[in-house]
Number of protein chains: 2
Amino acid sequence: MTQLRRDPVVGRWVIVEDEKNALGPEHYEKEDHSLKERAICQFCPGRENQTPPEVDAIREHGSHPNSSGWFARVVSNKFPALRIEGELNKRGSGVYDISNGIGAHEVLIETPDHDKNLADLSVEEVERVIRLYQNRSNSLARDKRFKYIMIFKNYGRSAGASVEHAHSQVIALPMIPKYVAQELEGAEEYYQRRGKCIFCDMLRQEEEEQERIFAQNEGFLAFCPFVPRYPFETWILPKEHLFEFGEMTEKGRWQLAEVLKDVLLRIKKVLQDPSYNFYLHVAPINFDKKFGFYHWHIEIVPKLTREAGYEWGSGFYVVRTPPRLAAKYLREASNQ
Amino acid sequence: MTQLRRDPVVGRWVIVEDEKNALGPEHYEKEDHSLKERAICQFCPGRENQTPPEVDAIREHGSHPNSSGWFARVVSNKFPALRIEGELNKRGSGVYDISNGIGAHEVLIETPDHDKNLADLSVEEVERVIRLYQNRSNSLARDKRFKYIMIFKNYGRSAGASVEHAHSQVIALPMIPKYVAQELEGAEEYYQRRGKCIFCDMLRQEEEEQERIFAQNEGFLAFCPFVPRYPFETWILPKEHLFEFGEMTEKGRWQLAEVLKDVLLRIKKVLQDPSYNFYLHVAPINFDKKFGFYHWHIEIVPKLTREAGYEWGSGFYVVRTPPRLAAKYLREASNQ
């Protein structure tokens with residue numbers, strides 16, 4: 001029989017298939033990621049003048065901004081959904097609130113190598129990407145108009161990537177996205193009631209049960225959450241209670257790079273290079289209030305086909321690969 | 001410049017493109033809906049013995065259950081995600097709540113005609129479908145284990161339909177789905193603060209502004225909401241404040257059938273027969289509490305491609321066709 005499970009942070013119920021009827025990785029359709037844009041790619045070295053100007057980069061000593069010699073670089077989005085110049089001009093219109101589309105919309109090019117994606121980079125190269133996530137977070141947070149820095153990656157067409165060269169996106173928003181607001185609310189309530197962090201309790205339970213963990217090191221734990229929305233959904237949490245992403249140390253960055261690469265490689269192996277999205281869930285910025293009850297983390301969602309997990313009636317999820325089984329596949333896969 | 005808009009019910013912010021840079025219907029990819037399963041379709045008349053037994057139907061006078069002569073019929077799902085027999089057995093497991101997958105999962109076959117979809121049916125035929133929605137709602141509500149009846153339709157592969165013969169799904173759940181819980185919370189808060197229904201206020205604002213309405217009759221209003229998640233998203237609301245879907249009168253059913261058919265035909269014309277999902281948003285059942293502050297409605301989401309509207313960072317929507325423009329296209333389309 002299927003099981004109904006409730007997410008303790010946001011209160012979402014999902015239906016999880018029983019293991020007898022579960023779908024394995026072979027069930028899910030494969031996607032073609034053959035590279036077609038190499039000859040015209042604006043993110044490739046030597047074409048730096050085809051992107052908007054660089055806002056940050058990690059470069060070879062002596063190389064110049066907006067020229068080659070970079071390991072990873074951040075540029076403004078050529079077609080930004082939000083613009084940095086102007087006033088928010090918050091206003092009402094009947095029952096609605098409106099403001100101008102002010103924000104920042106940046107693209108982080110993760111490697112000069114058109115043929116590689118994040119999973120294929122070395123730990124050293126992944127650490128640079130994470131360092132740029134931090135740099136941009138900390139820099140954009142100085143603009144008091146912004147309340148949240150959203151960092152995410154779309155890999156593959158069916159995950160929404162419109163450019164094939166490996167990249168992430170960094171977006172500064174003048175408000176808190178709904179999904180974070182919900183997590184904050186749930187985490188705060190739990191903290192007030194029990195005096196503990198809900199994510200720390202989840203970590204402890206994962207470590208006790210040892211059923212859904214598939215990668216870890218001293219600093220980070222990767223597991224398939226007990227209440228997923230999608231098959232093979234994966235979370236990476238810092239083992240220590242940390243709510244400020246920007247304050248992660250250099251050591252933390254290296255640890256995260258190691259686990260993130262490991263996780264992405266296992267997903268690539270087990271699901272035959274699926275498209276995926278990942279999202280950093282971090283605390284808001286520029287509030288008087290502190291978000292000490294929160295615990296930042298990364299959520300990774302392989303984009304499998306509709307026959308996979310699916311969403312019923314706008315917000316009710318059915319997951320046909322139980323997380324225990326997904327974690328088993330991922331744990332037993334080679335991470336090379 | 002884009003605009004940030006806040007949904008007043010659930011508090012979700014979305015980015016809406018400005019009209020200068022808006023995408024028209026021609027932008028969105030087309031999907032092939034050619035019918036391939038006619039010869040083997042289990043939902044076609046004459047193959048009633050290939051489905052699970054009928055739980056309800058509207059039939060020609062004198063015809064028998066589980067044989068031909070039906071106009072629309074409801075059967076149990078052959079591969080149910082929830083089963084009707086058994087105990088919920090609610091229990092905790094550390095920070096998680098669990099229960100057995102108890103519920104009902106039914107399929108409503110909307111027409112005997114394999115070649116037609118809901119938009120192609122007559123108003124009389126659509127009324128029968130709505131009547132069965134009501135019958136099943138009212139019947140399943142008698143089972144006190146159930147807290148919510150979810151009714152929805154997936155049309156087309158990319159909207160998740162696994163069978164091409166026109167059908168809807170009816171699911172009885174032992175808990176309230178998150179998206180409804182959020183709407184209830186927002187509607188109740190608004191009601192407590194202002195003594196009015198938020199959806200009634202929204203209706204009034206739509207009628208005053210006359211910018212986003214594209215179909216209506218005496219009983220129902222169809223419009224593209226000011227804060228959509230997806231391009232061409234459409235809501236149908238009863239004009240009168242009604243929170244119990246099951247209590248809609250026969251007259252109401254005919255009015256709804258007329259508007260629903262009109263809306264689906266316009267969407268079919270303007271977007272060249274896209275896949276779509278629609279969901280009834282109704283009040284929960286079997287609570288001591290009354291949900292008089294709620295206002296049931298239908299939400300219709302054409303399933304356009306990723307390049308269309310898209311979701312950023314798990315819960316932040318960017319909509320590249322402003323609702324005023326979407327409504328204009330839909331209003332000016334032929335509804336024949």
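## Around Leu203(B)

Leu203(B) sits in helix α3 of chain B. Setting aside neighbours within four places in sequence, Leu203(B) is in contact with Leu221(B), Leu237(B) and Lys239(B). The residue is buried, because 22 other C-beta atoms lie within 10 Å and 20 or more count as buried. Phe223(B) is 20 residues away from Leu203(B) in sequence. In space, their C-alpha atoms are 9.3 Å apart.

α3(B) lies across β10, β11 (220-223), β12 (234-238) and β14 (297-303) of chain B. Its direction runs at about 70 degrees to β11(B).

## Confidence and overall form

This is a predicted model. The complex has an ipTM of 0.91 and a pTM of 0.94 from the predictor. For chain A the average pLDDT is 93, and 97% of the residues score at least 70.

Chain A holds 5 helices and 16 strands. Its C-alpha atoms fill a box of roughly 60 × 50 × 40 Å along the principal axes. How does its radius of gyration fit a compact globule of 336 residues? Such a globule would have a value near 20 Å; chain A has 20 Å, so the two agree. Buried residues make up 49% of the 336 residues in chain A. Take the contacts in chain A between residues at least 6 apart in sequence: 68% of them join residues at least 24 apart.

## The sheet of chain B

Chain B has an open sheet of 10 strands with antiparallel pairing. The order is β3-β4-β7-β9-β8-β13-β14-β12-β11-β10. Which strands stand at the edges? They are β3 (54-59) and β10 (213-216) of chain B. Each has a single partner strand, so one side of each is left without a neighbour in the sheet. On average, neighbouring strands of this sheet are turned by 20 degrees against each other, direction ignored.

β4 (residues 70-76) and β7 (residues 104-109) of chain B run antiparallel and are joined by 4 bridges. Ser76(B) has Glu106(B) in β7(B) as its bridge partner. Helix α1 (residues 123-140) of chain B packs on the sheet. α1(B) touches β3, β4, β7, β8 and β9 (167-173) of chain B. Its direction makes about 30 degrees with that of β4(B).

## Helix α2 of chain B

Helix α2 of chain B covers residues 178-194.

The buried residues of α2(B) are Lys178(B), Val180(B), Gln182(B), Glu183(B), Leu184(B) and Ala187(B). They pack against β8 (148-155), α3 (198-209) and β13 (275-281) of chain B. Just after the helix, Gly195(B) takes a positive phi of about 70 degrees.

## The sheet of chain A

In chain A, 10 strands form an open sheet in the order β3-β4-β7-β9-β8-β13-β14-β12-β11-β10, paired antiparallel. β3 (54-59) and β10 (213-216) of chain A stand at the edges. Each edge strand has a single partner, so one of its sides has no neighbour in the sheet. Neighbouring strands are turned by 20 degrees against each other on average, direction ignored.

Strands β8 (residues 148-155) and β9 (residues 167-173) of chain A run antiparallel, with 5 bridges between them. Here Ile149(A) stands opposite Ala172(A) in β9(A). Helix α3 (residues 198-209) of chain A packs on the sheet and touches β10, β11 (220-223), β12 (234-238) and β14 (297-303) of chain A. The direction of α3(A) makes about 70 degrees with that of β11(A).

## Where the chains meet

How many residues of each chain are in contact with the other? There are 47 residues of chain A and 48 residues of chain B. Several elements of chain A give two or more residues to its side, including β1 (3-6), β2 (13-16), α2 (178-194) and β16 (316-319). The largest share of that side, 5 residues, comes from β6(A).

β2(A) and β16(A) pair in the parallel sense over 3 bridges. Ile15(A) stands opposite Val318(A) in β16(A). In a regular strand the side chains alternate between the two faces of the sheet. In β16(A), Phe316(A) and Val318(A) point one way, and Tyr317(A) and Val319(A) point the other way. All four are buried.

Technical notes. Residues are numbered from 1 along each chain as its sequence is written. Chains are lettered from A and ligands numbered from 1 in the order in which they are written. This is a predicted model: local features need pLDDT of at least 70, side-chain atom pairs count only at pLDDT 80 or more; totals for chains, interfaces and linings use all residues. pLDDT is the predictor's confidence in each residue, from 0 to 100. The expected span of a helix is 1.5 Å times one less than its number of residues. A residue is buried if 20 or more other C-beta atoms lie within 10 Å of its own, exposed if 12 or fewer, and partly exposed in between; C-beta atoms are placed from the backbone. Two residues are in contact if their C-beta atoms, placed from the backbone, lie within 7 Å. Two strands pair if DSSP finds at least two bridges between them. Axes are lines fitted to C-alpha atoms, for helices over the stretch in contact, and angles run from 0 to 180 degrees between N-to-C directions. The radius of gyration is taken over C-alpha atoms; the globule rule is 2.2 Å times the number of residues to the power 0.38.
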